[in-house]
Amino acid sequence: MLTLDRVTKTFRAGAFGGGSVTAVDRVSFAAAPGELVSLIGESGSGKSTIGRMVLGLTEVSAGSLTLDGERVRPGKDFYRRVQGVFQDPFSCYNPVFKADRVFALIRRAYHPGVGDREWADRVEKAVRDVRLDPGQVLGRYPHQLSGGQLQRLLIARALLLDLRFLVADEITSMLDASTRIDVLNLLAGLKERGLGVLYITHDLSLGTYLAEKTVVLRNGRVVERGDTQKVFGNPLHPYTRTLLAAVPRLNQPWTAAVPLDACAYHEGGASPGDDLYETEPGHFVACAALPACGRTRA
Amino acid sequence: MTLTVNDLRVHYRTLRGEVRALDGVGFDLADGEILGLAGESGCGKTTLGKALIRLDGRMRHAGGTVTLDGEELPLSDDRAMNAYRFHKISLVPQYSMSALNPTRRIGRMVRELLASRGVSVDTDELHRRLALVGLEPGVLDRYPIELSGGMKQRAVMVISTLLDPSVLIADEVTSALDVSNQQAVVGALTGLRDKGLVTSMIFVTHDIGLTSHIADSIMVMYAGKLAEKAPTKILTTAPRHPYTKMLIGSLPQVGARYADKPLSGIAGSPPSLLDPPAGCRFRDRCPLADRQCAEEPPVVEIAPRHTVACWKAA
Amino acid sequence: MAAVPALLGALLQGDFGISIWVFPTPVGDVLLEALPYTLGLMIPSVLLSWFAGNWIGALSARRKILDNTVLPVGYLLTAMPYMWIAVILAWAFGAQAGWFPLSGGYSLDIQPGWNADFVLDALHHWVLPFLSLFLVALGGWAIGMRNMIIYELESDYSAYLSALGAPQRLIRRYAFRNAVLPQVTGLALQLGVLVAGALVTEIVFAYPGLGSLILAAIQNQDFFLLQGAFLFIVIGVLIANFLIDIVYVVVDPRTRTGMAGGTS
Amino acid sequence: MTTLPDPAPVAAEQPAAKPGSESLHYAVRNPKLLIGLSLVLVLLATGLLGPLLLDGGNPNEYVGPQAAAPDGTYWMGTTTFGQDVYAQFVHGLRATFLVGAVGGAIAAVIAMLVGFLAGYRGGIVDEVLNMLTNVVLVIPALAVLLIINAYLGVRSVAVQGLFIGLTSWPWAARAIRAQTFSLRTREFVDLARLSGSGTWRIVFREIAPNMSSYLFMMFILLFGGSILIASSLDFIGLGPTEGVSLGLMLQSAQQWSALQLGLWWWFIPPGAGITAIVGALYVANVGLDEVFNPKLRES
């Protein structure tokens with residue numbers, strides 16, 4: 001179980017580093033093995049920063065990040081179990097080397113003892129696991145492969161470790177519609193084999209396609225989270241509703257989001273101190289700071 | 001008829017030979033029509049958009065003609081094309097965020113640009129158009145660095161349409177935006193057409209879902225050729241080309257779930273356009289392909305304004 | 001090292017100690033007398049070469065023939081050691097052609113003073129040192145500007161202007177304006193090299209500036225004069241750098257908004 | 001000394017074919033690169049082989065007639081003291097290449113250390129290193145060398161190269177820092193961190209290979225710059241106390257008024273030697289820039 005408890009990130013800002021910007025503000029949620037949690041938010045909502053903090057690429061300013069109860073300490077041992085795949089496949093590969101050098105990096109760090117023959121078999125198995133033909137993709141330069149192939153190779157790279165959690169940060173936004181689905185179906189398959197996935201995206205339709213749980217972020221804060229069916233079946237926060245309404249659906253004209261008159265957070269009697277209020281089992285909502293409410297949370 | 005494109009061929013010169021990015025594309029754009037130009041990366045949609053405005057260094061106009069309001073556009077003659085650019089045909093580029101000169105106030109840049117094209121600046125009209133896309137006049141006194149990405153894009157949209165061009169090409173203007181901004185930009189674009197500031201428009205994108213909200217008709221391209229062109233409603237609900245069907249089928253809609261019915265992508269990848277295969281270029285990825293597809297399928301109008309390039313579609 | 005605090009104290013009041021070479025005149029006076037000649041040589045050559053170099057660089061980015069003729073010459077010039085081009089000019093225009101005097105700041109038979117003869121004579125001696133400093137620096141700026149303009153002409157705003165059919169004149173004017181900015185900071189970076197160039201050029205022409213003083217100080221082991229000269233140079237370069245930074249903030253709006261934490 | 005154009009676009013260029021093959025394809029066809037390189041090699045050969053072909057001996061020895069114009073036996077004539085100018089020139093070439101190599105190498109190493117660390121690490125380390133760079137940048141290198149050399153008794157070419165290297169690295173460090181900054185945000189660096197790679201392994205195995213062409217070009221400019229500074233130092237009289245260098249030849253020519261006496265063969269060759277080496281290096285560098293940078297190639 002990967003748990004975030006009131007995780008916060010502040011950056012120094014301004015020309016002389018005087019002021020500070022809070023990119024992520026007391027975010028809490030959990031991701032279990034065999035489950036895909038989609039982290040949805042527009043640009044600037046802090047979703048990528050959360051991804052980088054989980055992967056230890058960016059320091060956590062406050063709050064705690066634990067894996068199976070232990071505090072997360074980024075390093076070789078942590079990366080054996082938690083790995084990441086990023087947005088731009090062509091930026092994930094060092095253009096000067098062949099694409100399968102990403103496997104060599106893993107071998108050097110985690111499997112020094114394994115013989116060449118044995119290692120080649122493992123690589124081939126991982127490549128087949130991600131439904132790629134080793135003959136077509138190994139020994140090529142990144143620019144000779146398609147975006148979809150490159151992303152799947154990155155997932156194969158992670159499978160060479162005893163992977164428990166995968167952070168997928170916008171991994172399909174640079175892909176064409178047809179190859180995007182193959183990558184998503186691949187993630188679904190891995191999820192069924194017990195892998196936990198934190199799927200970060202700005203695209204609602206992708207988020208809902210696979211996710212058991214959804215976390216909706218705005219300006220660094222969780223506005224609504226819980227079971228995907230409940231969050232998008234019955235959105236309670238005005239932001240979630242406008243986001244849902246703004247998604248372009250095939251052949252359906254945009255409908256304006258029905259405004260909220262009462263805020264579910266306060267209506268349920270939640271005091272301003274709590275983070276989110278559980279309006280129904282597995283469905284949490286934050287204070288919507290409606291002007292008429294008067295009891296806004298700091 | 002605003003724009004007629006007839007068997008247009010544009011190739012890229014590279015070290016390993018000529019990439020036939022556009023290999024004979026034909027369509028026409030009626031007055032007031034917004035055409036969505038969709039397709040996967042490498043299908044030639046951006047090349048088409050670029051070719052109509054300005055061929056850059058490596059592009060070569062290999063054949064075909066483009067007529068705008070009855071006059072044939074001299075695509076390969078950069079100097080002669082100047083007369084048409086901005087006045088008759090204009091562009092909102094993919095790189096709108098960095099299209100404004102960083103060291104010039106926006107108002108001054110617009111004045112200098114218009115003066116260089118021999119046009120006088122009508123400040124009130126400029127303010128009115130800025131308001132149309134939600135920008136206050138104060139924007140003109142600021143430097144591009146002081147505006148947000150979305151504001152810069154809308155400013156470029158106003159600048160590009162100042163001379164009421166017959167055709168506006170919007171090249172992937174929504175791909176870098178969030179969902180809420182996308183809706184605002186689409187609204188602004190349709191507003192330009194509805195108020196007659198632009199006669200007709202080509203909206204280049206890879207997002208068919210969004211295109212269905214702005215385009216009157218959609219043209220799907222594959223490997224440098226037209227696959228299918230039809231009014232939006234028909235193309236999205238009753239496509240006839242197998243590629244269009246699979247493309248629409250692989251778009252996850254909100255609420256679609258893997259657990260209920262997993263969607264399927266399209267196996268394989270588009271052919272290299274260095275030496276494209278003979279016959280139908282979708283042949284080796286198409287489930288309906290047979291011997292007949294070894295021959296190039298003609299573009300057939302199977303219904304009013306609905307053309308398809310596939311033997312199996314008729 | 002007890003002397004150091006005393007020395008520092010003295011320095012602050014402009015007392016650089018007594019020169020050994022030109023005993024007993026204080027070092028400060030010796031340097032102040034030489035300073036006008038060095039500044040008179042450096043300021044015009046640096047500024048003129050900067051403007052001319054940028055202008056020629058911009059031209060050569062446009063015309064192929066210029067690009068193939070001006071640039072190789074530019075590379076040759078910028079590769080020349082300052083003192084060698086000085087010697088060549090002295091030999092060609094001085095010794096052989098006899099148009100200009102070979103050395104000295106002014107003819108020995110004229111008393112320095114603000115009268116016409118002295119000024120004219122001083123100018124006559126000034127031409128060759130100025131020309132050699134000007135030519136070497138010119139090459140560097142021309143090459144820098146040519147490359148910068150090519151990058152600017154490839155930028156998105158140039159592409160947008162061409163897509164809207166703007167004439168080449170406007171596009172090149174914007175490209176030149178944006179390409180000049182890094183050349184302003186380039187000026188600050190190059191100051192150290194330009195100062196060195198001026199010193200050796202002065203030595204070739206025995207021009208009565210800081211360069212000749214430094215040569216004399218070295219030959220006579222006059223460390224006080226040497227330290228004084230060193231301080232003059234460092235302070236001069238610092239002041240110049242400071243001025244250039246101010247000019248840059250004024251000229252480049254991006255830094256101004258950056259400072260004020262403008263949104264980007 | 002020219003400053004390199006803004007490095008950022010270089011990193012963004014995606015090589016089409018195998019990264020090496022396309023550059024190689026253009027490299028062998030680039031006239032500037034070929035001319036520049038061959039000239040440097042010819043001069044290097046003369047510098048290395050020259051002294052061996054002569055009967056050795058001290059180039060400053062008084063061998064021939066005084067102030068003799070170039071002729072069959074003394075190709076470059078003799079000085080006022082009867083020293084063989086050609087012998088001095090050939091030994092001088094050797095010293096000039098040495099000071100260029102030593103100065104250029106030291107400056108390149110420091111520039112890389114400072115540039116990579118500041119660019120990759122960022123934060124406090126970046127600010128401290130940046131301040132150091134700016135301080136060394138502002139203080140004119142020649143003034144510093146002036147003071148150091150004046151105090152040093154014995155001065156060898158290598159020591160001179162060392163001091164030049166120690167003071168001429170800032171602009172290069174600043175350029176490397178800028179490019180490391182842009183490469184650091186690339187995702188393959190994040191992926192390397194996720195594969196357990198440490199800072200220096202990432203800098204030298206992931207970032208540096210992307211800048212290899214850039215680092216080489218920078219070394220060429222530092223090499224040329226070091227030669228120019230060394231020749232200025234020699235000219236002021238702060239050159240190596242034993243042996244000969246092209247700068248020293250110019251200095252003695254100036255000191256013994258070769259100019260006034262019209263002994264052009266005494267002061268023309270040394271300066272021409274320096275200009276040829278540095279000029280050829282710069283032209284080769286432009287050729288390389290065009291090879292690795294398609295934008296410059298088409299213009």
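Helices and strands are DSSP runs, a helix being at least four residues long and a strand at least two. The views below show a predicted model.

**View 1. Residues 97-120 of chain D form a span that is 100% helix.** Strand makes up 0% of this span. Its end C-alpha atoms are 33 Å apart. The unreviewed UniProt entry annotates residues 97-120 of chain D as a transmembrane region.

**View 2. Residues 158-176 of chain D are 89% helix.** Here too the share of strand is 0%, and the end C-alpha atoms lie 26 Å apart. This span is also among those that the UniProt entry annotates as "transmembrane region". The other spans under that annotation in chain D are 33-54, 132-152, 214-238 and 263-288.

View 3. In all, 46 residues of chain D are in contact with 44 residues of chain C.

**View 4. Several helices build the side of chain D that touches chain C.** Among those supplying at least two residues each are α5 (123-138), α11 (212-238) and α14 (264-292). The most comes from α14(D), with 13 residues. By type, the residues on this side of chain D are 31 nonpolar, eleven polar and four charged. Between chain D and chain C there are zero salt bridges, while four residue pairs are in polar contact.

**View 5. Chain B and chain C bury about 2400 Å² between them.** Of this area, 59% is on carbon and sulfur atoms. Three residues, B:Y95, B:T103 and B:I145, supply 24% of the area that chain B buries against chain C, more than any other three. The contact involves 28 residues from chain B and 24 residues from chain C.

**View 6. Both a strand and helices of chain B supply residues to the side that touches chain C.** β6 (89-92), α3 (106-116) and α5 (149-160) of chain B each give at least two residues. The largest share, four residues, belongs to α3(B). This side of chain B consists of 15 nonpolar, seven polar and six charged residues. Ten residue pairs are in polar contact between chain B and chain C, and the count of salt bridges between these two chains is zero.

Technical notes. Residues are numbered from 1 along each chain as its sequence is written. Chains are lettered from A and ligands numbered from 1 in the order in which they are written. This is a predicted model: local features need pLDDT of at least 70, side-chain atom pairs count only at pLDDT 80 or more; totals for chains, interfaces and linings use all residues. Side-chain values use heavy atoms; hydrogens and water are left out. UniProt positions are given in the numbering used here, feature names are shortened, and annotations may be inferred rather than shown by experiment. Contact means heavy atoms within 4.5 Å. Buried area is the accessible area (1.4 Å probe) that two parts lose on being put together, summed over both. A salt bridge is a side-chain nitrogen of Lys or Arg within 4 Å of a carboxyl oxygen of Asp or Glu. A polar contact is a pair of N or O atoms within 3.5 Å; within protein, one must be able to donate a hydrogen and the other to accept it, and residues adjacent in sequence count only if both atoms are side-chain atoms. Ala, Val, Leu, Ile, Met, Phe, Trp, Tyr, Cys and Pro count as nonpolar, Asp, Glu, Lys and Arg as charged, and the others, Gly among them, as polar.
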